[in-house]
Amino acid sequence: MARRDGVITLSTEPRKLTFEIFRYNPEDPQSAPHTDTFELDETPFMTLYIALNQIRETFDPGLQFDFACRSAICGSCGMMVNGRPALACRTLTGDLPENIQLYPLPAFKLVGDLSVDTGTWFREMSERTEAWIHERQPFDEGATEERMSDELADAIYENDRCIECGCCVASCGVANLDDAFLAGAGLNRVARFMLDPRDTRSDADWFDIVAGEQGVFGCLGMMACADVCPKELPLLDVYAYLRRKTLGARFVSEDDKKT
Amino acid sequence: MSGRLVTTDVLVIGGGLAGERCAIEAAAAGHDTLILSLVPPRRSHSCAAQGGMQAALASCAKAEGDSPLVHFLDTVRGSDWGADQEVANIFAKEAIVAVRELAHYGVPWTRVKGGKNHYFIKGDEVEIDEALENDGLITHRDFGGTAKWRACYAAAGTGHAALYAVDSEVVRLGITVRDRTEAVALVHDGSRCLGAVVRCLRTGSHFVVLAKATVIATGGYGRIYGQYTSNATINEGMGASIALDTGVVPLGNMEAVQFHPTTLVPSGILVTEGCRGDGGYLLDNNLERFMVKAEPEKQELASRDVVSRHMVQAIRDGTGVDSPYGPHLWLDIRHLGEEHLRTKLLEVWDICRDFVGRNPAEELIPVRPTQHYSMGGVRVNKDGQAYGLAGLFAVGEAACWDMHGFNRLGGNSLSETIVTGRLVGRRVAEFADGITLSADTSIGFDALAAAERRAEDWLTRTGNSRSIYDLRDAMGDIMMHKVGIFRNGEELAEAVEELGQLLDESDSAVLRCKDPGVNPELAFALRLKGMLRLAMTVAKGALARTESRGAHFRSDYPLRNDRDWLNRTLVRWGLDDGEPEFTYEPTGLIDLPPGYRGYGADERIEMTESLDDHNARVVDEQRRHGRLETTEDMGSRLDRDAWRAVTG
C-alpha cells in the first residue's frame with residue numbers, strides 16, 4: 001500500500017476492504033434502519049471519498065452521503081468512521097483496518113444514510129450567538145481599513161479556521177443530550193468574535209451566551225472535541241479563554257451592582 | 001417542503017460568495033430575498049479558494065506604485081484581450097472597496113509587518129524593509145501575471161475566511177437560505193424571467209419560486225471535465241445549463257476554460273498559486289527549474305495558461321516524473337521553511353499531509369495542470385443583467401461578465417465575486433423596485449409540471465443501458481483529452497461527435513435506483529444532460545475558434561488572431577432545439593490596444609480594423625446580440641487613454 005514514506009508506489013497486494021454502512025431513508029416508508037455490507041479492493045491513496053463513490057456507482061446507487069470539496073475544507077463529509085467522527089474525504093483507508101464501519105454523525109437530524117443536516121444546527125447557533133461583527137460604525141467606502149497587528153490577525157484566523165463539519169458536536173456527550181449546547185464549534189465561534197477588536201461587544205454582553213449551562217460551563221471537560229477536530233483547533237485554550245473572560249465579566253458586573 | 005409555490009422579491013440561486021454578497025445588497029435595500037443552495041452556504045466552493053483576492057491597495061513595499069489602473073492593465077493582458085475592458089476597469093476600481101468591506105465584515109486579512117521582512121523572489125531570499133507607516137494595513141503576496149504584489153490573503157484560507165464573513169452578514173440580515181435545494185429550470189415567458197423550478201434535495205419533491213428578479217450564482221462547470229478538475233463535486237454548471245435551456249439567454253466564451261498549473265497528483269486537489277507567489281518553484285525530473293528558461297521574465301509567475309502549457313510541454317518532452325498515476329512535475333516549497341508553511345500556507349501543509357502523506361518543508365509536492373476555472377458562463381451586460389431575458393441576472397463564475405476573457409488571473413475571481421455581488425446586487429434591487437410580481441402563476445406551474453415529468457420519465461424508463469456514471473466518466477475523458485490544454489481540429493471534431501453520442505445515450509439511459517426521496521442517482525441523472533450540453537458548447541466553440549487566445553490553445557492555429565477573432569463566442573441552445581446556434585459579438589469597447597502580454601508568445605495576427613472603427617460598431621452590435629440596456633451608458637466607466645500614463 002502506498003503510504004507516508006514519501007514515494008508514490010503501487011501496492012502489489014491490495015487489501016480487500018469490508019464496509020459496514022448504516023442505511024435508513026426517512027422518505028421511504030419501506031425503509032427501516034439497518035446496515036449493509038460492501039466489499040472493495042483497496043487502491044493506493046484511497047480515501048473514503050473514493051471508496052463511497054465506488055460503492056454507490058458500482059453496488060448501490062441509492063446510497064446517500066455528502067461530499068463537496070473533497071479536500072477537507074468545506075466540512076460536508078463528517079461521519080462516524082469506526083466509531084469516531086471524522087472527515088471522510090481526508091480519511092485514507094490505508095490508515096484504517098480492513099473492516100470499516102460508517103455511521104452518520106449523531107446530534108444532527110438524519111437526512112438519509114450517512115447524510116445529516118448540519119446546516120440547520122449551525123445557522124441556529126450563529127443566530128443565537130449573533131456570530132457576526134457588531135461594529136462601531138457603518139462601513140465607509142472611502143476610508144482605509146482599520147489597522148490590526150499581523151499577530152492579532154493570525155490569532156483571529158486561528159479560531160476562524162473552523163469548517164463547521166460538526167465532528168466536535170457529534171463527539172460531545174453534552175451536545176448529544178442538549179440540542180442547544182454550543183459545543184466546540186459554537187464556543188470557538190464565540191471566542192473568535194470576542195478576540196476581534198472590530199466587534200464591540202463587551203465581556204458582559206457575552207455573559208448570557210457563554211456562562212450558562214449551554215455555554216462553556218456546561219462542558220464536562222472530556223475534550224473529545226479537541227481529539228476529533230480535523231482542523232486541530234486549540235479548543236482547550238478556547239475554553240480556558242472563555243472561562244477566564246466570563247468569570248472576569250461576572251466580577252465586573254457584581255461590582256457594578258454594588259456601586 | 002410543504003408549499004408548491006413560494007414567492008419572493010429576489011431569488012438568488014447559489015450560496016457562494018457572489019450569490020450571498022448579491023443577496024446582502026438586495027436584502028439591505030428592503031427586498032424579501034431567498035437564497036437557494038445545494039449545500040449549507042458555508043460549504044460552497046468559494047470556501048476552497050486559497051491564496052488570495054486581488055485588490056490594488058498598494059500597502060507593502062513590492063506593491064509600491066500599484067493602482068487600479070495597473071490592475072486593469074494586468075487583467076486585460078491576462079485575458080489575452082478577451083475581456084470587456086470597461087468591466088475590467090470597473091472591477092479594478094471597486095475591488096479596493098470590496099476588500100476593505102470584507103475587513104469590516106471581519107475577515108482576518110494578513111497584515112503588513114513594519115520593518116525587516118524576508119521574502120523569496122525569483123529564487124532568491126531577499127530582505128525588504130516594510131515602511132513603518134504601513135504597519136497593520138492589509139498586505140499582499142505575489143501572484144501570477146501581475147506587475148505588482150496585489151493578492152490580499154488570510155493564510156491559504158482566503159476563500160474560507162471571506163465566505164464565513166459574508167455568510168455572517170447574511171445571518172445578521174435574517175436572509176432566508178434554503179440549503180439542499182437545486183434550481184432545475186428557469187420560469188420565463190421568452191422575454192422576462194419569473195423565477196425558477198426547484199428540487200428539494202432532502203425529499204426529492206419539486207416546487208416553484210416566483211420572483212421579481214432572479215440571480216444565477218452557481219459557480220463554474222468544471223465537473224464536465226469529470227475527475228480532471230480541482231472543482232468541488234457540486235460545480236456541475238447547472239446555473240449556466242438552465243439558462244442555456246431557455247434558448248433565449250446565450251452563454252459566452254464557453255471554450256475559455258482555465259487549467260491550474262498546480263493541482264495535487266493523484267487527487268486533483270488545488271495547491272494554491274500562493275506557493276509560487278511566495279517563492280516556490282516548479283521542477284522537472286532532473287530537479288531543474290524549467291520555467292526559468294521557458295519564461296525568463298516572469299518564470300513560475302507567468303499567467304496560468306502559459307505555465308500550464310509549459311508544464312504539459314515538459315511532460316511531452318519526457319522531463320516529467322513518472323508515477324502510477326501518469327507523469328507529473330514537482331512543486332518545491334521546502335526553502336520557504338516550516339514556519340512560513342505552517343502559518344501563511346497552512347492549508348497547503350494540511351493538504352500535503354492529508355492527501356499524499358508528505359511534509360512540504362522536507363519533500364517535493366507532485367503536481368500537474370487540471371481544469372480549474374470556467375471563464376465562460378451566462379452572458380450578462382455590465383449590470384449583470386443576462387442577455388435576452390429581463391429580470392435574470394448572473395454573478396461570479398457562473399457569469400460571463402466578462403473581465404477574464406480567455407484567461408483569468410489568479411486571485412481575480414475571488415475579488416470578482418464580491419465586486420459583482422455588490423454592484424449587481426444594487427442593480428437587482430433597482431430592478432425589483434420597479435416591478436410587481438405577476439399574479440399569473442400558470443407559467444410557473446407549467447414549468448413545475450414539466451420538471452416533474454422529466455424526473456418521472458427517468459424513474460419509469462426500463463431496459464438496459466450503461467450507467468449514468470459511465471456516461472459521466474466518458475464525458476470527462478473526452479473533455480480532458482480532446483478539449484484540454486492543447487487542442488486541435490481533429491480531436492475537437494472527434495469530441496463533438498462522441499459527445500453527441502453520449503447525449504443520445506443519456507436520453508435512453510436507465511436508472512438502477514427507484515427509491516423515493518432525493519434518490520442520489522436521479523439527482524445526478526437530472527444534471528447529466530445539462531452537463532453534456534455544456535460540454536458540447538465548449539467543444540463546438542473550441543472547434544470553431546481557429547486561433548489561440550489565453551487558455552484556448554489550438555496547436556493547428558497557434559497564433560492569436562486579432563484580425564478575425566477579437567470577439568466573444570455566444571451560444572444559444574434551447575432544450576428542445578436541434579443544434580446549438582453560435583454567434584460572435586465584439587468583446588466590448590477597446591481602450592488598451594491589443595499587444596504583447598509580457599509573457600507567452602509575442603507573435604500574433606494583428607488587427608486590421610482601426611480602434612475607432614471597431615469601437616464605433618460595438619454598442620449596436622452587442623444590442624443586436626441580445627444585450628439589454630444598461631443603467632449607465634456603455635463606456636461611461638472606461639477611463640480612456642489613462643493607460644498611456646503608465647505604459648507610455
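1. Start with the loop between α3 (150-160) and α4 of chain A, because that is where you will find E164(A). This residue has a positive phi of about 55°, although it is not a glycine. Keep in mind as you look that this is a predicted model.

2. In chain A, α4 (167-171) and α6 (183-195) each supply at least two residues of the lining. Sorted by class, the lining of the second largest cavity comes out as 10 nonpolar, 3 polar and 2 charged residues.

3. Next, have a look at the five-stranded sheet in chain A. Its 5 strands form an open sheet, and you can trace them in the order β2-β1-β5-β3-β4, with mixed pairing. The edge strands are β2 (34-41) and β4 (84-87) of chain A, and each of them pairs on one side only. On average, neighbouring strands of this sheet are turned by 35° against each other, direction ignored.

4. Zoom in on one pair from that sheet. Strand β3 (residues 78-81) of chain A runs antiparallel to β4(A), and the two pair over 4 bridges. Which residue of β4(A) is the bridge partner of V81(A)? That would be R84(A).

5. Helix α1 (residues 48-58) of chain A lies across β1 (16-23), β2, β3 and β5 (99-103) of the chain. Compared with β1(A), helix α1 runs at about 75°.

6. On to the place where the chains meet. Here 78 residues of chain A are in contact with 82 residues of chain B. How much area is buried between chain A and chain B? The figure is about 6500 Å², and carbon and sulfur atoms give 51% of it. On the chain A side, R70(A), E145(A) and Y157(A) lose the most area to chain B, together 11% of what that side buries.

7. Chain B has an open sheet worth checking too. It is made of 4 strands in the order β12-β15-β14-β13, and the pairing is antiparallel. Why is one side of β12 and of β13 (281-283) left without a neighbour in the sheet? Both of these chain B strands stand at the edges with a single partner strand each, so one side of each has no neighbour there. The twist of this sheet averages 45° from one strand to the next.

8. Here is a pair from the chain B sheet to follow by eye. Strand β14 (residues 329-332) and strand β15 (residues 365-374) of chain B pair in the antiparallel sense over 3 bridges. Look for L331(B), which stands opposite I365(B) in β15(B).

9. Last stop: a peptide bond in chain B. Is the bond from V265(B) to P266(B) cis or trans? The bond is cis, with omega near 5°. You will find P266(B) in the loop between β12 (257-264) and α6 (274-277) of chain B.

Definitions and conventions: Residues are numbered from 1 along each chain as its sequence is written. Chains are lettered from A and ligands numbered from 1 in the order in which they are written. This is a predicted model: local features need pLDDT of at least 70, side-chain atom pairs count only at pLDDT 80 or more; totals for chains, interfaces and linings use all residues. Side-chain values use heavy atoms; hydrogens and water are left out. Ala, Val, Leu, Ile, Met, Phe, Trp, Tyr, Cys and Pro count as nonpolar, Asp, Glu, Lys and Arg as charged, and the others, Gly among them, as polar. Two strands pair if DSSP finds at least two bridges between them. Axes are lines fitted to C-alpha atoms, for helices over the stretch in contact, and angles run from 0 to 180 degrees between N-to-C directions. Contact means heavy atoms within 4.5 Å. Buried area is the accessible area (1.4 Å probe) that two parts lose on being put together, summed over both.
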